[in-house]
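Subject: Structure for your review

Dear colleague,

Please find below the structure that I am handing over to you. My findings follow it, arranged by region, and I would ask you to read them with the structure open.

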Amino acid sequence: MARTSPHLHADYDLPLPQIDMRDGVPHAMQFADSYYNADDGLAETRHVFLEGNDLPARMKAASHLTIGETGFGTGLNLLAVMAEMQNHPHCQIDFVSFEAQPLDAEMMAAAHAAFPQLAGLASQLRQALPPRWPGHHLVVLCGGRLTLHLHYGDMGAILPTLDIAVDCWFLDGFAPARNPSAWTADILSEVGRLTEIGGSFASFTAAGEVRRGLAAAGFAVAKSTGYGRKRDMIRGVREGTALPHVSSITASPRRIAIIGAGIAGAALAAGLSRRGAAPVLLDAAAGLASAASGNRAALQSPRLTVDHNAMSRLSAACLSWAARCSDAAGATLAAGVLALDAPDRMAARHAIFRQQRWPASLLRDADTVLDAETGKGIFYEYGRAIRPSILVKALAEGAEFHGDFDVASITMEAGQLVLGAVDSRQVQADAVVLAGGSRVADGLHLVGQDMPVEVTRGQVSHVPATSSSASLATGVSFGGYLTPSWDGLHEVGATFSRDLEQPEDIAAAHAHNLALLPAGIAGLFDGMTYDGLGLRTSYRASLADRRPVTGRIADKIWMFGGLGARGFTLAPLLGEMLAAQILNRPVPLPRDQRAGVAAARYLSQNTS
Ligand code: SAM
């Protein structure tokens, strides 16, 4: 019997909402309710959600706030927050919102047209929208000051998987009588669980059941004057004792040394610098991306699993952000990756993926430029062929960089970490992150830790483009991979050699790589010989369970490694999440995904 995924029958394709525009205001036909007040949606948002949470005053006083919202809809509430942020240039926001029926950009544009005063911000949001896949999507707005976490799916299912401390909530899921699914006692109790003591909520509804649910969730609930014709709204403050899932908040480190300036270090640096910290990238090589991140071209593609486990879902979330990151950095060589149904083991996996009911923009049957037989496979629209050097440079932009800095010691002197280089240079920092790729074990050793890191040698062949291969418009994977040509050469890879004692056998590496090419693709390179082919060798690190490692491993010491051959797909999002963790900002990924990559799983003593 064919194996099927656990969500085979789930409604995994998110429905588009059925919207009827009435005098410029979107009306949800399913719920017979408007997304916002027909008289003046923006004024209502400002009155109910911003004033109702004292946000203008709190944004003036705070350097960072976390806002939660039940129902993203058109994004009008977010746009009102973005507009208010212009009055508070020092304030950063994490905005965590949930949406079961995401609008597409066109639907949003129709709604946004009624608010010309928000036009610039609204177009910024629409251009940054993620794909409509279930799960977490990162969106960075307002020049990096606003981190939007969009959770697509039913909030009743997602909220219990999170562990964040929200400062204020916008409770906005249509009228409770028309959409009780947004106001269940369980959801209101989750809202309470996820609110900082002293945090607040505001809502346009004053329904008795909602008031009682929020009171039971730990809020002191009060009625106040509603907007326009609405007599009442409600607002409230979270009472009680500290949240069990919020770790004792310590002062955030500011200057953070990152050992390793490849994709992991650079992605982390990007997340740290835009949150106001000062990352310092250190690398034993002279420049950025000199080791495993240094290939001329590389692919970003998801690593789905046949049982559609937490790591499969995380890899989709990572791809969503990685692809948009590459595009924004100008690092994209070609959009889309074609994963061939070859060799047989890939065909068997793909047969299962096709039954997993992924949205078509994540995974669909290929319709390719290759011939009909060879080209059968899966097309990942958000897969990318990229120029790693461009992506890494863009991500590392806000960091101080020290090249030729081979770290030989990490010591603590007068409360400061001191990193000493082989040539005796020194760098001071408040915290250190080990992100040294295949050399991460050296860093672990310096801080008295150990993990079963496996290093493999990977060799990539540089194959000259032929008149047939030059037209290849996407990356192709087939167990191995082939990039579109750049500067006259394709990358074909890669070897996985565990025996590092054996010297490199260049001819054998080329033979291995080219033998990976399925027959129809190898035909693109007819008549080619190995003579004079270029080759690049690097070393990757992975853990026994093939999952990344991110998190704290000792006091002030963090790790970001084990990315194997998937760094360009996984690091952009995981780097952002690790930056948030280091700086005590929310990490709103589902618990099973966080646990799957947590360093704690390899530590004898749980330090994270
Ligand atoms: N805040 C929005 C804005 O600024 O446009 C308006 C939100 S609208 C009143 C309510 C939204 O909640 C809709 O987009 C709806 O699809 C979403 N929603 C309702 N029930 C939901 C649920 N159980 N899970 C996730 N989203 C839900």
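Helix α7, which spans residues 185-193, has these buried residues: Ile 187, Leu 188, Glu 190, Val 191 and Gly 192. The elements that cover them include the helices α6 (155-158) and α8 (208-216). Also among the covering elements are the strands β8 (166-171), β9 (195-203), β10 (219-225) and β11 (232-238). Please bear in mind throughout that this is a predicted model.

Two pairs of helices

Helix α1 covers residues 41-50 and helix α3 covers residues 76-85; their axes come within 10 Å and cross at roughly 75°. How are α1 and α3 oriented to each other? An angle from 65 to 115 degrees counts as roughly perpendicular, and α1 and α3 are therefore roughly perpendicular to each other. On the side of α1, the residues that meet α3 are Gly 41, Leu 42, Thr 45, Arg 46, Phe 49 and Leu 50. Their partners in α3 are Leu 76, Asn 77, Ala 80, Val 81, Ala 83 and Glu 84. By class, the residues of this contact divide into 7 nonpolar, 3 polar and 2 charged.

The second pair is α4 and α5. Helix α4 (residues 105-112) packs with α5 at an angle of about 170°, and the axes are 10 Å apart. That angle makes α4 roughly antiparallel to α5. From α4, the residues Ala 105, Met 108, Ala 109 and His 112 take part, meeting Ala 122, Leu 125 and Arg 126 in α5. The residues of this contact divide into 5 nonpolar, 1 polar and 1 charged.

The ligand

Which residues come nearest to the ligand? There are 21 residues around the ligand, and Gly 71, Thr 74, Glu 99, Asp 172 and Asn 179 come nearest. For Asp 172, an N or O atom in the side chain is 2.7 Å from a nitrogen atom of the ligand. A polar backbone atom of Leu 76 lies 3.0 Å from an oxygen atom of the ligand, and a polar backbone atom of Met 155 lies 3.0 Å from a nitrogen atom of the ligand.

Two buried residues

Ser 97 is found in strand β5, residues 92-99. Is Ser 97 buried or exposed? Its relative accessibility is 0%, so Ser 97 counts as buried. The side chain of Ser 97 is joined to that of Glu 69 by a polar contact of 2.7 Å. Not counting residues up to four places away in sequence, Ser 97 touches Glu 69, Gly 71, Phe 72, His 149, Leu 150 and His 151.

Pro 130 has its place in a loop, between α5 (119-128) and β6 (135-141). With a relative accessible area of 7%, Pro 130 is buried. Leaving aside neighbours within four places in sequence, Pro 130 is in contact with His 137, Val 139, Leu 150, Tyr 152, Ser 320 and Arg 324. By way of a distance across the chain, the C-alpha atoms of Pro 130 and Ala 222 are separated by 37 Å, and these two residues are 92 residues apart along the chain.

Points of the backbone to check

Most residues other than glycine have a negative phi, and most peptide bonds are trans. The cases below depart from this pattern.

- The peptide bond from Ala 342 to Pro 343 is cis, with omega near -5°. Pro 343 lies in the loop between β15 (332-340) and α11 (344-354).
- The peptide bond from Gly 493 to Ala 494 is also cis, with omega near -5°. Ala 494 is in the loop between β26 (489-493) and α14 (506-516).
- Ala 289 has a positive phi of about 45° although it is not a glycine. The loop that holds Ala 289 runs between β13 (278-282) and β14 (298-300). Ala 289 counts as buried, at 12% relative accessibility.
- Lys 556 has a positive phi near 65° and is likewise a residue other than glycine. Lys 556 is in the loop between β28 (549-554) and β29 (557-561). With a relative accessible area of 29%, Lys 556 is partly exposed.

Yours sincerely,
A colleague

Conventions. Residues are numbered from 1 along each chain as its sequence is written. This is a predicted model: local features need pLDDT of at least 70, side-chain atom pairs count only at pLDDT 80 or more; totals for chains, interfaces and linings use all residues. Side-chain values use heavy atoms; hydrogens and water are left out. Axes are lines fitted to C-alpha atoms, for helices over the stretch in contact, and angles run from 0 to 180 degrees between N-to-C directions. Helices (H or I, at least four residues) and strands (E, at least two) are DSSP runs, numbered from the N terminus. Angles under 35 degrees count as roughly parallel, over 145 as roughly antiparallel, 65 to 115 as roughly perpendicular and the rest as oblique. Contact means heavy atoms within 4.5 Å. Ala, Val, Leu, Ile, Met, Phe, Trp, Tyr, Cys and Pro count as nonpolar, Asp, Glu, Lys and Arg as charged, and the others, Gly among them, as polar. Buried means under 20% relative accessible area, exposed over 50%, partly exposed in between (1.4 Å probe, protein chains only). A residue is near a molecule or strand if one of its heavy atoms lies within 4 Å of it. A polar contact is a pair of N or O atoms within 3.5 Å; within protein, one must be able to donate a hydrogen and the other to accept it, and residues adjacent in sequence count only if both atoms are side-chain atoms.
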